[in-house]
Amino acid sequence: MAQRVTLIPGDGIGPELAEATRRVLDASGVPFEWEVVDAGEAMIAEYGTPLPDHVLDSIRRNKIAIKGPITTPVGAGFRSVNVALRQTLNLYANLRPARSLKGVASRYDDVDLVIVRENTEDLYAGIEHMVGKDAAESIKIITRAASERIARFAFEYAVANRRRKVTAVHKANIMKLSDGLFLESCRTVAEDYARRIEFEDRIVDNMCMQLVQKPDQYDVLVLPNLYGDIVSDLCAGLVGGLGVAPGANIGEDGAVFEAVHGSAPKYAGKNRANPTALMLSGVLMLRHLGHPEVAERVETAIREVIAEGLATTPDLGGTGTTSGFADAVIARIGSAVSIG
Ligand code: NAD
């Protein structure tokens with residue numbers, strides 16, 4: 001039976017990357033049935049909201065979605081559709097692996113990090129108000145329940161994927177209550193894994209320096225929402241940039257797969273954005289759906305096309321196109337693959 005998946009193309013470079021990714025996933029041998037639904041600013045005129053109910057209903061029904069990036073107005077305008085999706089569907093864990101790719105020029109050859117970012121609270125709770133005309137307040141929410149849940153996700157991920165260490169990242173020296181609670185929650189959960197997975201913590205500013213200088217010393221990182229967002233872009237930079245950084249938002253009742261990057265409007269419609277990040281998000285989806293061998297095959301095809309360097313996009317120094325990269329990956333996967 002075909003696997004039904006909600007596909008949200010997004011805006012900016014989203015639709016062309018979503019199309020390239022859908023073609024690659026269709027070539028993987030797993031039969032997919034795509035339910036295409038749109039979200040973002042263009043929906044407001046018709047539905048009065050950038051995130052119509054039928055989009056949420058589709059993901060709730062299928063329990064699995066893959067989405068292109070969606071633009072969020074800066075400073076004013078509607079709240080981020082991406083954040084709203086994660087919060088409404090309680091997709092509490094944001095998984096963002098950063099792994100070096102052969103053929104991609106970067107400072108290190110052997111980076112293999114996994115960011116586990118809390119996805120539902122912290123400053124992303126969006127509780128902001130003006131205090132008079134000339135001051136603004138944004139409230140940072142950290143709860144024990146959400147912190148322990150994300151820490152447990154990180155340790156369970158480490159066990160399941162044979163990783164050796166979890167590092168909790170925080171600023172508990174300054175935010176003693178909020179980040180202090182996050183750290184305390186991570187320590188509590190770490191005790192349950194004491195003999196299996198090493199645990200340590202780092203203050204976020206020091207963590208950034210350490211990652212730039214010696215990324216090989218780190219393995220799985222668990223962070224509150226905002227630090228997780230920032231540090232995952234840093235880690236993307238370590239392995240070749242946002243064009244190659246995949247992600248997954250995972251909850252109890254569903255998962256939404258998306259690249260770390262945004263809608264890069266200046267490249268929209270130019271057939272030059274790199275589809276690797278969304279394709280690798282598709283690889284995470286294949287693993288999540290229980291097709292590890294197919295996932296491995298698709299990932300290998302992507303890695304080989306990049307290593308060969310003939311079809312890579314300009315962000316990786318190539319002259320290839322979004323659609324041409326997809327064609328090259330599909331040719332490598334082969335047309336007659338069996339389902340693993
Ligand atoms: P961005 O990630 O869209 O782009 C930053 C830069 O990275 C681009 O200018 C481009 O040089 C490069 N880049 C990103 N993706 C690339 C790709 N696939 N191929 C080649 N180069 C790529 O970040 P931004 O400019 O800060 O944000 C643009 C919009 O995207 C904003 O509205 C923001 O809110 C939104 N956004 C959405 C998501 C999401 O949908 N999950 C995530 C981040 C940002």
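Okay, let's start with the largest pocket: 45 residues line it, and the ones nearest its centre are Ile 70, Thr 72, Ser 80, Asn 82 and Gly 262. A pocket here is found on a 1 Å grid over the protein atoms alone, as an open set of points where a 1.4 Å probe fits, with protein on both sides within 12 Å along at least five of seven lines; lining residues have an atom within 4 Å of a point.

Quick housekeeping. This is a predicted model, where local features need pLDDT of at least 70 and side-chain atom pairs count only at pLDDT 80 or more, while totals for chains, interfaces and linings use all residues. Numbering runs from 1 along each chain as its sequence is written, and side-chain values use heavy atoms, with hydrogens and water left out.

Back to that pocket. Its volume is about 1,000 Å³, meaning the space filled by probe spheres set on the grid points, which are joined across faces, edges and corners. At least two lining residues come from each of α4 (81–88), β6 (122–130) and α8 (225–238), and β6 has the largest share, with four. The lining splits into 18 nonpolar, 16 polar and 11 charged residues.

So what sits in the largest pocket? The ligand does; "sits" means more than half of its atoms lie within 2 Å of the pocket's grid points. There are 22 residues around the ligand, and Ile 70, Thr 72, Gly 262, Ala 264 and Asn 274 come nearest.

Now the polar contacts, meaning pairs of N or O atoms within 3.5 Å. Ile 70 uses a backbone N or O atom, 2.9 Å from a ligand oxygen. Asn 82 brings a polar side-chain atom to 3.0 Å from an oxygen of the ligand. With Ser 263, a polar backbone atom is 3.0 Å from a ligand oxygen. On its own the ligand has 820 Å² of accessible area, and the protein covers 70% of that, by the Shrake-Rupley method with a 1.4 Å probe.

Last stop, the second largest pocket, with about 820 Å³ of space. Among its 30 lining residues, Pro 97, Tyr 157, Asn 161, Leu 284 and Arg 287 are closest to the centre. Here α9 gives the largest share, five residues. By class, that lining has 18 nonpolar, three polar and nine charged residues.

Key:
Near = heavy atom within 4 Å. Polar contact = N/O pair within 3.5 Å; in protein donor to acceptor, adjacent residues only side chain to side chain. Nonpolar A, V, L, I, M, F, W, Y, C, P; charged D, E, K, R; others polar.
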